[in-house]
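Dear colleague,

My notes on what was found in it come after.

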Amino acid sequence: MQSPTAIRAGAARSYTIPTDCRESDGTYAWDSTTMIVVTLDAENATGIGYSYTHRSAAVVARDLIAKQCVGADALNTNGIFSAMRQAQRNYGREGIAATALSAIDIALWDLKAKLLHHSLAKLLGCVRDAAPVYGSGGFTSYTDAQLRAQLAGWVERGIPRVKIKIGTHPEQDPHRVAIARESIGEQTELFVDANGAYSRKQALYFAEKFFDEQHVVWFEEPVSSDDLEGLRLICRRAPAQMDIAAGEYGWDAMYLRRMMNAGAVDVIQADATRCGGVTGFMDAAALADVHPLPLSAHCGPTVHMHLACAARPLRHVEYFHDHVRIEQMFFDGFRAASSDGCMHPDFARPGLGIELKQKDAEQYLDDL
């Protein structure tokens, strides 16, 4: 006999949204962002999940939904997660496969929380009632004026820490970091992200220079995340008050465990839209907790707002310009950062507290 909370239907759609201006970091440039959105239906509830990825991830997600989700009990999130991972064995579990699974897992947990009439944060068990954030953007394609306006805007809204991109033109980076510091004042924490663009010796040079001159306290991916030895070198030799961070490209908790065990970071990053959804992120949080290392959530602020409230070692959530903009456009119930520098879940709304704005999203539909 089928469970009364069996998943009766599901869907996965892809949407491509133009950026508000051309953007770039140390190793890549883009003018649009693609998001897949998964919906799962059971009883009178619909769960929503999403990932920022390639549109082909929606095709993979549809196959997983049809074969592993429909007919399964929506409350059995661990069982469905394991079945999906097993089903991916022969075509690989990383990259597009991981983002497809992640979007489904987020939708599963949103659906489960809605069926049980709890917010996702409360269902997982809260450690805190709000998610501290840092403003993130400062793209290398920005003019000085754009950089000043964006950073100053975050500070004016009460966000006490901000991050800029560096690495496209290393010779210009000291100037851009100085502009950033001038724009935010002395009390706001300043982060930089090279997206792996520097060599080891460049990264060591800039770590000292940025800290000494502008008191940069966070250096993300100074070298490639694939270079664990290089990350460990920077981690050991950077100024003691500067955190070295990486992990956003981890497709599962095992990847993040290897990075932690290598002593490659001071702060481990994880992204629920890549590393296995809610299930994978909470696995990463447990590993960080026992390592022990602080954990920072990468992008996807709406889902990470809830996970941040439940993850014990969580330090903050990346309030990324593109994703804030898209999630405001696509989701009714989006919660912007407040003047206290935190995102606050609406604990009165079940699940993630969002509903898809179907009509608004339709114009960006980009399905395969």
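In which loop does Glu43 lie? Glu43 lies in the loop between E2 and E3, where helices (H or I, at least four residues) and strands (E, at least two) are DSSP runs, numbered from the N terminus.

Before going further, please note that this is a predicted model, in which local features need pLDDT of at least 70 and side-chain atom pairs count only at pLDDT 80 or more, while totals for chains, interfaces and linings use all residues. Residues are numbered from 1 along each chain as its sequence is written, and side-chain values use heavy atoms, with hydrogens and water left out.

Leu40, for instance, has Gly47 in E3 as its bridge partner. The two strands form a hairpin with 2 residues between them, and Glu43 in the turn has a positive phi of about 45 degrees. Glu43 counts as partly exposed because its relative accessibility is 41%; buried means under 20% relative accessible area, exposed over 50%, and partly exposed in between (1.4 Å probe, protein chains only). Strand E3 (residues 45–52), in turn, is mostly covered, with 7 of its 8 residues buried.

His117 also has a positive phi, near 65 degrees, in a residue other than glycine. His117 is found in the loop between helix H3 (96–115) and helix H4 (120–124), and with a relative accessible area of 68% this residue is exposed. Most residues other than glycine have a negative phi, and most peptide bonds are trans. A cis peptide bond, with omega about -5 degrees, joins His291 and Pro292, and Pro292 sits in the loop between helix H10 (277–290) and strand E10 (295–297).

As for the interior, a nonpolar core is a set of buried Ala, Val, Leu, Ile, Met, Phe, Trp, Tyr and Cys residues joined through side-chain atoms within 4.5 Å. The largest has 82 residues, of which Ile166, Phe219, Phe281, Leu295 and Phe330 touch the most other members. H7 gives the largest share of this core, 6 residues. A second, separate core of 25 residues includes Ile7, Ala42, Ala45 and Leu111.

Finally, the buried residues of H6 include Arg176, Val177 and Ile184, and just after H6, Gly185 takes a positive phi of about 80 degrees.

With best wishes

Note on methods
Two strands pair if DSSP finds at least two bridges between them.
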